[in-house]
Amino acid sequence: MIGAGVVGVATAYHLAQQGHQVLVLDQASTPAAMCSFANAGIIAVGHASSWAGPAAPRQLLRAVLGQEPSVKLSRCMDADMWRWGLKFLRNCTTISHRRNSDAMAMLSRHGRDALQQMEAKVGLTFDQSHDGVYYLYTSSTQYAARLKGNTGADTGFTPHDAATLMKLDPALRAFDGRLQGGLISSVDSKGDCQKFTTGLVEWLTAKGNVSFHFGTTVTGFASRGMDVSAVLTDKGRFACDHVVIAAGTETPKLTASFGVRPLIYPVKGYSATYPILDASRIPVRPFIDETSLLAVTRLGDRLRVTAIAEFAGYDRTVTADRVAYLDTYVDQHFSGAVDVAQAEHWAGLRPTTPSGRPYLGRLRQTSNVWLNAGHGQLGWTMAAGAGEIMAAMISGNPNNAAQVSETAHWLTAS
Ligand SMILES: Cc1cc2nc3c(=O)[nH]c(=O)nc-3n(C[C@H](O)[C@H](O)[C@H](O)COP(=O)(O)OP(=O)(O)OC[C@H]3O[C@@H](n4cnc5c(N)ncnc54)[C@H](O)[C@@H]3O)c2cc1C
């Protein structure tokens with residue numbers, strides 16, 4: 001297994017459950033050190049929708065003109081980005097958007113259910129709860145449009161006007177009269193992705209059939225015909241029967257030696273995590289501010305706010321103006337309820353495909369190299385489910401064959 005982010009570790013868990021001896025290699029010194037480190041923490045089944053849709057080209061144009069606070073284009077001279085962008089535009093038709101979003105929703109639901117099974121089996125605590133999420137609107141036009149679209153497909157979402165929401169959760173008075181309404185979803189959960197991944201690494205290590213080598217960078221592969229016989233690293237050579245690449249945004253660099261460059265582009269996002277000073281003023285559920293496009297999640301005694309999709313190549317710098325956007329939002333809504341001066345700011349690169357669907361399957365150029373990468377804005381949501389499907393594919397497990405064949409047609413990113 002290459003990669004000890006949430007996707008790699010969840011896959012290692014499922015492979016171990018199927019009786020495999022698993023070795024996980026990661027260049028970082030700790031688990032979940034890259035994109036899985038400080039994400040919004042939402043198991044966002046209700047948000048499983050492809051970014052590529054009929055409204056996206058206009059939004060991208062506004063981003064190019066610098067008029068979009070939540071989408072930024074900071075690096076224009078990048079051939080990989082344009083290659084990715086052209087494919088993204090091709091996925092913006094109504095039909096593609098529906099097909100991709102349905103596929104993402106299926107994998108997300110499977111991810112949530114598989115995560116809950118793991119929770120029950122492993123007994124980890126990671127500031128999780130399964131009480132759903134608020135989807136909030138401060139624009140009456142947007143709220144009306146959402147209500148119009150809230151048809152049978154949206155089962156699990158209950159709309160409420162602003163007064164009812166604030167009665168149910170007085171902390172939503174933070175919106176200071178601007179809230180127009182919202183929905184409470186029962187399909188979403190929350191939890192700290194980094195805590196989960198780290199806890200699972202400890203559990204797997206203690207159980208014995210998974211070993212982890214941190215601080216180990218994969219540099220190449222030794223092949224015999226179509227078989228990879230060993231993974232080459234800066235710490236030596238590791239023999240293997242199968243290789244799973246779950247290296248997030250680094251995946252295309254690793255597959256290049258097989259002549260394959262999957263369309264996975266880094267889309268940068270930012271988070272800020274604040275100590276909570278007054279818990280009575282923090283909403284009981286996480287919320288997605290659908291008008292300002294921010295997510296806000298309470299994780300134990302911390303509040304985390306995340307936002308922004310920035311095309312900046314592989315640059316992970318935490319830029320002052322971007323995090324100021326988060327701090328200002330928190331100041332406006334939760335001044336005095338959290339300690340803004342103690343904020344921990346972070347930037348991560350979402351491994352994003354043009355369609356939103358991950359790569360999940362075997363590299364056709366090989367007999368034993370598998371990809372589980374490109375889960376974009378939903379990697380925490382999909383990880384446990386994608387890991388289970390990957391393990392079933394590798395094992396050729398007849399018990400899981402039906403599930404694999406049912407899902408296979410939508411698993412390869414287009
Ligand atoms: C701001 C923000 C908010 C988000 N919020 C949510 C959310 O609420 N819900 C949700 O579902 N998702 C969310 N996401 C997305 C989610 O965090 C990612 O999809 C997920 O973490 C990707 O996991 P991964 O394991 O594929 O990649 P990573 O976590 O990046 O792991 C890849 C690993 O591979 C290792 N690696 C790479 N190259 C090599 C090499 N050559 N040798 C050895 N090791 C290597 C890296 O060190 C790394 O540890 C968010 C992302 C961001 C940025």
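This is a predicted model: local features need pLDDT of at least 70, side-chain atom pairs count only at pLDDT 80 or more; totals for chains, interfaces and linings use all residues.
A backbone N or O atom of Gln377 lies 3.0 Å from a nitrogen atom of the ligand. Taken alone, the ligand exposes 1,000 Å², and the protein buries 96% of that. Two cavities of 30 Å³ or more are also counted. Gln377 turns up again in the lining of the second largest cavity.

**The ligand and its shell**

- The shell around the ligand holds 33 residues. Asp26, Ser36, Ile42, Gly376 and Thr381 come nearest.
- Gly41 has a backbone N or O atom 3.4 Å from an oxygen atom of the ligand.
- Leu378 places a backbone N or O atom 3.4 Å from an oxygen atom of the ligand.
- E17 gives the most to the shell, with four residues.
- By residue type, the shell divides into 15 nonpolar, 15 polar and three charged.

**The largest cavity**

- The largest cavity holds about 80 Å³ of space.
- Its lining includes the charged residues Asp80, Arg83 and Arg261. Also in the lining are Trp84, Pro252, Pro262, Leu263, Ile264, Tyr265, Pro266 and Tyr314.
- Helix H3 (79-90) and strand E13 (265-275) are the elements that give two or more residues to this lining.
- H3 gives the most, with three residues.
- The lining divides into eight nonpolar, no polar and three charged residues.

- Ser50, Trp51, Ala52, Trp84 and Phe88 are among the residues that line the second largest cavity. Thr352, Thr353, Pro354, Ser355, Gly356 and Gln377 line it too.
- Five of these lining residues are nonpolar, six are polar and none is charged.

- Strand E1 (22-25), strand E11 (236-239) and strand E12 (243-245) each supply at least two residues of the lining.
- E1 supplies the largest share, three residues.
- Twelve of the lining residues are nonpolar, three are polar and one is charged.

**The loop between E1 and E2**

- Asn39 lies in the loop between E1 and E2. A polar atom of the Asn39 side chain is 3.0 Å from the backbone nitrogen of Gly41.
- Asn39 counts as buried because its relative accessible area is 17%, under the 20% cut-off.
- Ala32 is found in the loop between E1 and E2 as well. Ala32 has a positive phi of about 50 degrees although it is not a glycine.
- Most residues other than glycine have a negative phi.
- Ala32 has a relative accessible area of 1%, so it counts as buried.

- Ile43 sits in strand E2 (residues 42-43). Its relative accessibility is 1%, so Ile43 counts as buried.
- Ile43 and Thr297 are 254 residues apart in sequence. In space they are 11 Å apart, C-alpha to C-alpha.
- Thr251 belongs to helix H8 (residues 251-255). Thr251 counts as buried because its relative accessibility is 0%.
- A polar atom of the Thr251 side chain lies 2.8 Å from the backbone oxygen of Gly248.
- Asp127 is in the loop between helix H4 (94-122) and strand E4 (133-137). Asp127 is a residue other than glycine with a positive phi, near 55 degrees.
- Asp127 is partly exposed, with a relative accessible area of 22%.

How values were computed:
Residues are numbered from 1 along each chain as its sequence is written. Side-chain values use heavy atoms; hydrogens and water are left out. Ala, Val, Leu, Ile, Met, Phe, Trp, Tyr, Cys and Pro count as nonpolar, Asp, Glu, Lys and Arg as charged, and the others, Gly among them, as polar. On a 1 Å grid over the protein atoms alone, a cavity is a set of points where a 1.4 Å probe fits but cannot get out, and a pocket is an open set with protein on both sides within 12 Å along at least five of seven lines; lining residues have an atom within 4 Å of a point. Grid points are joined across faces, edges and corners, and a volume is the space filled by probe spheres set on the points. A residue is near a molecule or strand if one of its heavy atoms lies within 4 Å of it. A polar contact is a pair of N or O atoms within 3.5 Å; within protein, one must be able to donate a hydrogen and the other to accept it, and residues adjacent in sequence count only if both atoms are side-chain atoms. Accessible areas come from the Shrake-Rupley method with a 1.4 Å probe; for residues, only the protein chains shown count as cover. Buried means under 20% relative accessible area, exposed over 50%, partly exposed in between (1.4 Å probe, protein chains only).
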